[in-house]
Amino acid sequence: MAYSQSHKQILDNLTGAVMVLDAALCIQYMNPAAEMLLEATVRRLKSRPIEDWLSSSENELAVLRQSLASGHPYSKREARLLTQTGQELIVDYSVSPIPDAGILLEIQARDRLIRIEREEELLTRHASARVLVRGLAHEIKNPLGGIRGAAQLLDRELDREELHEYTRVIIDEADRLRHLVDRLLGPHKLPVIEPVNIHAILEHVCSLVTAEMGGRIRIIRDYDPSIPEFNGARGQLIQAVLNIIRNAMQALEEAETSAPCITLRTRALRQITLGAERHRLVCNLEIIDNGPGIPDEISDTLFYPMVSSRAQGSGLGLSIAQSIMNQHKGLIEFTSEPGCTRFNLFIPLELGHDTSC
């Protein structure tokens with residue numbers, strides 16, 4: 001008994017999830033890491049069939065029973081595990097038969113690692129695109145200033161009034177391009193950092209878009225009042241939220257969606273990793289619309305500058321919004337299918353953001 005108790009103490013202190021199943025594939029033991037992973041205690045799961053939490057696939061369960069009968073261990077990568085709160089997790093697990101005892105199951109969650117890899121790739125791609133765009137924008141501004149200046153000088157020298165129309169076209173187009181380049185480069189001055197409330201920002205944006213929509217699109221609010229204030233750039237955050245909501249409005253109207261609506265939902269999340277950095281408390285703002293969805297062909301490059309699914313779109317709104325979130329050490333992610341497009345804006349609530357451009 002002392003020997004088995006010492007082994008139990010070792011298993012209890014492991015950070016990896018470990019379980020012991022009997023010959024009927026029912027749980028006999030779970031260490032604390034496994035209880036946290038499945039969000040349930042061993043007492044609650046002891047009488048539950050394996051189909052309730054690991055897999056309902058007959059092939060997968062057949063392999064597990066074959067391993068139990070033959071005594072041969074095996075591993076399974078990127079399997080799907082269901083927690084008792086209904087959350088589906090992606091896991092790797094190893095099966096080691098124990099003679100006359102059952103099966104030792106070691107489970108490693110993959111969701112967090114996959115999320116970190118995906119977010120790091122997203123941040124790296126966005127940063128690379130921003131560096132490239134800034135370089136191109138500066139190269140465009142220099143000759144653009146020369147073109148505009150030359151057009152102004154030419155305009156003064158022309159005697160015929162009908163020729164002034166052509167120089168004015170050159171000047172107007174040069175100004176339009178300069179405005180576009182300025183938007184690519186972002187703001188020229190440092191933002192004002194102050195305590196901000198996410199719901200005050202959302203209500204300000206709602207007042208703006210309600211005036212634009214004239215009641216054509218329904219806005220649903222689902223706020224978590226427990227979310228505290230945080231230090232941020234109020235004007236920039238308003239711009240980021242406004243860019244995403246306006247995109248949703250335009251998509252809903254162009255698709256002539258029946259009963260169009262946009263949902264704004266806020267929730268506080270704890271111990272969230274964004275990129276490679278773990279944050280104690282994060283605000284998750286969801287902007288959800290019931291429009292046609294985002295085309296698959298642009299989903300991987302959606303946050304790149306000049307990428308848009310709309311013929312009249314500049315493709316700058318989401319790129320600017322992502323940059324603003326990055327400056328607040330946050331991140332924007334999205335999922336999309338016809339009838340439900342969801343943008344998640346993750347904003348760390350700790351103090352000390354560096355929002356310099």
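This is a predicted model: local features need pLDDT of at least 70, side-chain atom pairs count only at pLDDT 80 or more; totals for chains, interfaces and linings use all residues.
Residues are numbered from 1 along each chain as its sequence is written, and side-chain values use heavy atoms, with hydrogens and water left out.

Q: Why is Asp 222 called partly exposed?
A: Its relative accessible area is 25%. Buried means under 20% and exposed over 50%, with a 1.4 Å probe and protein chains only, so a residue in between is partly exposed. Asp 222 is therefore partly exposed.

Q: What makes the link between the side chains of Asp 222 and Arg 267 a polar contact?
A: The two side chains meet at 3.0 Å. A polar contact is a pair of N or O atoms within 3.5 Å; within protein, one must be able to donate a hydrogen and the other to accept it, and residues adjacent in sequence count only if both atoms are side-chain atoms. The pair Asp 222 and Arg 267 is accordingly listed as a polar contact.

Q: What makes strands β9 and β10 a pair?
A: β9 (residues 261–274) and β10 are joined in the antiparallel sense over 12 bridges. Two strands pair if DSSP finds at least two bridges between them, and strands are DSSP runs (E, at least two residues) numbered from the N terminus. The 12 bridges thus qualify β9 and β10 as paired. Within this pairing, Thr 266 has Leu 285 of β10 as its bridge partner.

Q: Which strand pairs with β10 over eight bridges?
A: Strand β12 (residues 340–348) does, in the antiparallel sense. Asp 289 has Thr 341 in β12 as its bridge partner.

Note on methods:
Helices (H or I, at least four residues) and strands (E, at least two) are DSSP runs, numbered from the N terminus.
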